[in-house]
Amino acid sequence: MRRSAIVLLVLLAGCTGRATSELSSFGTPGLNVAKAALDGGSPQIALQVVDRILTTLPDSEAALVVQGDALTALGRPVEGTVSYNKALAVNPASVGARIGLGRLSLASAPAQSESLFLAALHDDPRNTTALNDLGVARDLQGNHIGAQQAYRQALGVNPDLNSAQVNLALSLAMTGDSGHAVAMIRPLAEEPGASPKVRQNFAAVLAMSGDREAARQILSPDMSPQDVDRALDAFAAARSGGPVPLTAAPPAPEAQPIAAQPVVQTTMAVARPMPGAARNVQVQFAAVPTEADARADWRRLRQLMPTLLNNRVPVFTRIDLNGQVFWRVRTGGFADDTAAEGFCQQVRQAGAHCAIGGA
């Protein structure tokens, strides 16, 4: 329950900005138009613009990263991964590509995301997007003290970075420091025109501080009574009651098996293991909003890696989180984590995302 609650908080807070937020577009005509469209909430327009740029400048790192950002915003993470990896092929130290890939693996592999954000910060230590996202990755692993350090570093670079302030408040509330958390987020939530997301973040902090009724009043205009109750329960479960040491390890992944026959498996819970199998480790390629998206992603993966996936069976798993539905795209049948990681390395070399799947 606590793991699900923390994921819910991260979904509420989110990762703001884009992988390209601090990437120069000098010398790339039209790229600022694509960035402006993306910032304005029009990723399809951004994608159309950047696709035209790439027809004449196929090795433009900046354009490839913007393409990855647009595809990610459109819910096409597999294609976004390909774009980010192309940017890395052009520039192995691409900060924007590392941030983009890190965000794509946050929910499924936060430790992997942390490594990518740290790599980006090695080359750009004042990148506030990477610092803020690093905090999110650490919070997901239960390393709240390390997360708070990252948020404070981001605020040291830009004291007006609202996303880092909100994320820091949530992280403080999870470790029991509700006084500082409420004082930090209240002014943002009570500003005229504050977004529903910021109000929900404030409600989360209030709920973790014990003021459940005040949190309920904030959430009620935007949620059904049932969703409010579920959210409040999740917020309460997210509070750890005290700091988590810096050395705290991420939760161990739990394997989900698949059947031996070439069939699609759709489940709401962990399936029963195959008889005689010691472990049935799965790998995850994506988490997308609909089953149709999941099937489309698998078809794209099969086209991208026909030999690698020739004998692999897709596993489409539905996950419900606070009224939101996600579909995991996975495959399994690996003897252990080592075999799965070896497979994932081949997938990444082909330009797609892959991580050993958790529960």
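The model is predicted, so local features are reported at pLDDT of at least 70 and side-chain atom pairs at pLDDT 80 or more, while totals for chains, interfaces and linings use all residues. Residues are numbered from 1 along each chain as its sequence is written, and side-chain values use heavy atoms, with hydrogens and water left out.

The protein contains 16 helices and five strands, taken as DSSP runs numbered from the N terminus (H or I of at least four residues for helices, E of at least two for strands). Of its 359 residues, 51% are buried; here buried means under 20% relative accessible area, exposed means over 50%, and partly exposed lies in between, with a 1.4 Å probe and protein chains only. Among the contacts (heavy atoms within 4.5 Å) with a separation of 6 or more, 59% join residues 24 or more positions apart.

Packed helices are described by the angle between their axes and the distance between the axes. Axes are lines fitted to C-alpha atoms over the stretch in contact, and angles between N-to-C directions run from 0 to 180 degrees. On the α2 side, L31, V33, A34, A37 and L38 meet P43, I45, A46, V49, V50 and I53 of α3. This contact has 11 nonpolar residues, no polar and no charged ones; Ala, Val, Leu, Ile, Met, Phe, Trp, Tyr, Cys and Pro count as nonpolar, Asp, Glu, Lys and Arg as charged, and the others, Gly among them, as polar.

Helix α7 (residues 110-123) packs on helix α8 (residues 128-140) at about 155°, with axes 9 Å apart. This angle makes α7 roughly antiparallel to α8, and the crossing is again left-handed. P110, S113, E114, F117, L118, A120 and L121 of α7 meet A130, L131, D133, L134, A137, R138 and L140 of α8. By class, the residues of this contact are 10 nonpolar, one polar and three charged.

For helix α12 (residues 196-208) and helix α13 (residues 212-219), the angle is about 165° and the axes are 8 Å apart. These helices are therefore roughly antiparallel too, with a left-handed crossing. R199, Q200, F202, A203, L206 and A207 of α12 meet A214, A215, I218 and L219 of α13, giving eight nonpolar residues, one polar and one charged.

The nonpolar cores are next: each is a set of buried Ala, Val, Leu, Ile, Met, Phe, Trp, Tyr and Cys residues joined through side-chain atoms within 4.5 Å. The largest has 48 residues, of which F202, V205, M208, L219, L232 and F235 touch the most other members. A second, separate core has 24 residues, including V50, V65, L88 and L101.

L155, in helix α9 (residues 144-157), is buried at a relative accessible area of 15%. Leaving aside residues up to four places away in sequence, L155 touches L161, A164, Q165 and L168. The C-alpha atoms of L155 and Q165 are separated by 7.4 Å. P187, in helix α11 (residues 178-189), is partly exposed at 48% relative accessible area, and its C-alpha atom is 9.7 Å from that of F202, 15 residues apart along the chain.

Note on methods:
Parallel < 35°, antiparallel > 145°, perpendicular 65-115°, else oblique. Left-handed = near helix turned anticlockwise from the far one by under 90°.
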